[in-house]
Amino acid sequence: TNTIIMRTAARTALLTTAGFTDVLHAARAARPTLYDSDWDPAPALVSRRDTHTVRQRTTYEGDEIEVLDEAGLRAIAAKLRDQGVKAVAVSFLHSYINGSHERQARDILLEEIPDAYMSLSSDILPEIREFERTSTTVANAYLGPVLDRYLSALAERLEAFGYGGPLLIMHSGGGVMSVEAAREIPARICQSGPAAGVMAGANLGQVTGRPNVINLDVGGTSADVSLARGGRPLIRAEWNVDFNIVINFPSVDVATIGAGGGSIARVDAGGVLKVGPESAGARPGPACYGHGGEAPTVTDANLVLGRLSGDTKLAGQVALRSDLAERAIASISGPMNCSPEQAAAGILKIMRANMAGAIRLMSVRRGHDPRTFALAAFGGAGPLHALELAVELRIPEVIIPYVPGLGSALGVLSVEVRHDFVQSIFATNTRFNVAEINVAFSNLEARARARLVEEGVPDARVAINRQLDVRYYGQVSGGLTLDAGQGILSEADVSAIFDSFHVRHTEEYGYTLPRDLAELEIVNARVTAEGQQRAPAAPLFLGKSADKVKPSGARQVYFDDWTETAVYQRAELPTGCIIAGPAVIEQLDSTTLLIPGSSATVDKRRNLICSVG
């Protein structure tokens, strides 16, 4: 992800059909700021001068109407070799239905520039929508040489440590894949870190008997919000790494906002208090770190309100200075003509409002009632804000894992091998051939099973899920991905899938068009292949149980007023104990705040199951 954002990969070229030079650069003709005439888009991953076209053509049904110009292609290859191009993306028109010209071009290019990394759209994403297919293929080629070097170095280091087992790489779809697969599809691992955190929340909900979970991961600069329903995270078909850089692989659905412990508070020209998205980062960090930061941050506000303590080192290393935090908050309370406590409480209230907005975006606006979910809090700052956020959203329970600061690491332990395969289909609810749909699923399933066999997954642990992308006829974007069941489909089965579209569309978007007026179309068949878990990732702790525990101390904490609050050490809490709020629970990687009226129970996996009250 950083390689794409910073544009630090090797020089990459794009080869496409004659007449379509600007397929990547025209993009979606969208812009994030409608009225900003000074805005300029970030550069594409491949410049226009590195975009080359060759004569060839197939129809949308896959019929060849113009052969590939081999002589012209060899001339282009010679130019790329002279320019030192390290990677080439090949994306021809309609290659999603017939990729023979792309494969022919790859063979010729490798004869001329054998060391170049090749990425074909017919291999990477055989899916309709020309720009999205090209963008994904370009991103894949762009990352190929970088990731290849990284994985080679990683494998060498592990071997030097004496590790001889398999190496699996997390990807954005919520699973892991082999090193060989990661080398083939490097664009698949963008967003793998947030994806691991999402899987941690889904797994946490499953092992605690709460399959509906809203996942909140709050760090120093941002907060990630995701949702799992029925034990499975929500998946979206594409992801934008940067403006008009689209990667069309299924990925976990995550909303990220600029709200974290380092988010900076300020009073604008109108006297209104604002928080974020600007962040103090780790250096210089919040004012209380004592590294030169002077701007008031969320961490400073928590320290001023007693929710964090100057006596406790952050992560066991960073001492927090209350005097510097108070000075920073005074720069806010002065212009607002209020007390430091009121200013600090206002900072936290605005931050929670920002996070609540992101949660509503992921839940309410998509047809999910947050009152039927539990809130799983991760990150160094998530447990500090989770219970007050739950009150605002009327979420009844908050779950805090034993090591909330290690959410992504926990998530990697809770996933297995997963691969996604797609094939475009042309059919509508009034004109479809059920035999063609079954053949498409059969081919995809064969590819999926073969890939899992290559990665050592035994047949007994293979799980295959089949889906169809359905949308209104002629719709350019949007639509829904619907479950297609198992086994051979009948015409009645396909009709039932079309019928389910209207129900799901109403849930997702709040409306559906009249069935007798709106024609529907199938766009893609999808198959997801997973290796099912052999063992749960969350261990049971077999220590002593007790329903009560003594606090390690107490201090004044500001809620609506200053309140004497018990302080507990998370590592000393036995399973089964119940802690009544208000209370502060400290640990190395995070701090949990129990608000008045709430309570927390330590379960057998040392998770905190918090009742909001």
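R321 sits in the loop between α9 (298-304) and α10. Helices here are DSSP runs of H or I with at least four residues, strands are E runs of at least two, and both are numbered from the N terminus. The model is predicted: local features need pLDDT of at least 70, side-chain atom pairs count only at pLDDT 80 or more, and totals for chains, interfaces and linings use all residues. Residues are numbered from 1 along each chain as its sequence is written, and side-chain values use heavy atoms, with hydrogens and water left out.

R321 counts as partly exposed, at 41% relative accessibility. Buried means under 20% relative accessible area, exposed means over 50%, and partly exposed lies in between (1.4 Å probe, protein chains only). Leaving aside neighbours within four places in sequence, R321 is in contact with C288 and L303; contact means heavy atoms within 4.5 Å.

**Helix pairs**

Axes are lines fitted to C-alpha atoms, for helices over the stretch in contact, and angles run from 0 to 180 degrees between N-to-C directions.

| Pair | Axis distance | Angle |
|---|---|---|
| α10 (322-336) and α11 (340-362) | within 8 Å | roughly 95 degrees |
| α3 (70-83) and α4 (100-112) | 9 Å | about 45 degrees |

α10 is therefore roughly perpendicular to α11. Angles under 35 degrees count as roughly parallel, over 145 as roughly antiparallel, 65 to 115 as roughly perpendicular and the rest as oblique. On α10, I329, I332 and S333 make the contact; on α11, P340, A343, A344 and I347 do. By class, this contact has six nonpolar, one polar and no charged residues. Ala, Val, Leu, Ile, Met, Phe, Trp, Tyr, Cys and Pro count as nonpolar, Asp, Glu, Lys and Arg as charged, and the others, Gly among them, as polar.

α3 and α4 are oblique to each other. E70, L73, R74, A77 and R81 of α3 meet Q104, A105, I108, L109, E111 and E112 of α4. That contact has five nonpolar, one polar and five charged residues.

**Sheet**

Four strands form an open sheet of mixed pairing, in the order β25-β26-β28-β29. Two strands pair if DSSP finds at least two bridges between them. β25 (553-558) and β29 (591-594) are the edges; each has a single partner strand, so one side of each lacks a neighbour in the sheet. The twist averages 30 degrees from one strand to the next. β28 (583-586) and β29 run antiparallel, joined by four bridges. I585 has T592 of β29 as its bridge partner.
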